Amino acid sequence: MQELGGRTAVVTGAASGMGLAFAEAFLREGMQVVAADVEAPALARAEEQLAAVRGPEAVLAIRTDVSDPASVNALRDAALARFGRVNVVCNNAGVGGVRNPIGRLDLSDWQWVLGVNLWGVIHGCEAFVPHLLEHGDGHIVNTASIAGHISLPYMGPYNVSKHGVVTLSETLLHELAHAGSTVGVSVLCPGFVATNLIDADRNRPEHLVRPLDEPEDAGARERERAAGRELLGQKKPPAEVAQLVVDAVKANQFWIFTDDQFAPVVAERHRSIESVTNPPQARTLVDYLLA
Ligand SMILES: NC(=O)c1ccc[n+]([C@@H]2O[C@H](COP(=O)([O-])OP(=O)(O)OC[C@H]3O[C@@H](n4cnc5c(N)ncnc54)[C@H](O)[C@@H]3O)[C@@H](O)[C@H]2O)c1
């Protein structure tokens, strides 16, 4: 899709971080944007910010919970009712989750992270792929992570969700090719980006709230979060990632990596698979954040 102007993009997780940057970048390309997010006040602020880019008629904001298929179908219906056609879909909404070892996670930790990060992308694909296939002029961008290529300790639900998004995207790519479709697919695999992901549990639903930590755990967790917020804030600006996404849609490029910090670790994993040797000891997310 070499020309984006006049076309319509749907972006989930558009009230913050990368999703908001994608929405802005698409508007600057002359697109209409449907901004979807579960956090209503942040979405209202984002809508104002986006309307300032190219006027309110180019923007539609719809509160959406991507973990709920009915909500994602309603998003599609609202987008089609307003703009008639959707061309680019960014299944981007995501949450970080609790850093705990497997065996010390609550099942609600798995359900929340997989519900948003993996089921959210599944819902987005099921809702929009038939429409894109029907008119043939479309592109899907699924946000995975570098955690879709490696397995950092203490991040079980996140790793599982992002590996799932990578294979979902590759499967979709192959199926579209088999169908002879011109619809494109990209999978975005960011390293560290300066967003609000550290505070993702601001949107954790009440029915999936985890049992209270021990008080000393809660204090340690808050200190860790403050340090993480500070470190993540110094990483890649979301606008730079948005430009990579715009370029990838135009070039019909499948893999989108944001930097090469993790390239040696990904290569090491591939070598261990090829040589059927056990994976080497992995560093933790904090080690990489501090690097
Ligand atoms: N920031 C990073 O370093 C990084 C690295 C790799 C991958 N990612 C991925 O990038 C994507 C965007 O996250 P971000 O870093 O911009 O974080 P962010 O917290 O700034 O933005 C995420 C947005 O998703 C929304 N959201 C959360 N749950 C939702 C739900 N159920 N339905 C709809 N919207 C929901 C949030 O309200 C928020 O606006 C996520 O999929 C994340 O896993 C981020």
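Let's start inside helix α3, where Val 72, Leu 75, Arg 76 and Ala 79 are buried (20 or more other C-beta atoms within 10 Å of the residue's own, with C-beta atoms placed from the backbone; exposed means 12 or fewer, and partly exposed lies in between). Seen down the axis of α3, these buried residues fall within an arc of 95°, so they line one face of the helix; the arc is that of the directions from the helix axis to the C-beta atoms. On the other side of α3, Ala 70, Asp 77 and Ala 81 are exposed.

This is a predicted model: local features need pLDDT of at least 70 and side-chain atom pairs count only at pLDDT 80 or more, while totals for chains, interfaces and linings use all residues. Residues are numbered from 1 along each chain as its sequence is written.

Helices here are DSSP runs of H or I with at least four residues, and strands are runs of E with at least two, numbered from the N terminus.

The buried residues of α3 pack against β1 (8–12), β2 (32–37), β3 (59–63) and α4, with contact meaning C-beta atoms, placed from the backbone, within 7 Å. After α3 comes Gly 84, with a positive phi near 85°.

## Around the ligand

The ligand is surrounded by 31 residues, the closest being Gly 13, Ser 16, Gly 17, Gly 94 and Thr 195 (near means a C-beta atom, placed from the backbone, within 6 Å).

Definitions and conventions
Two residues are in contact if their C-beta atoms, placed from the backbone, lie within 7 Å.
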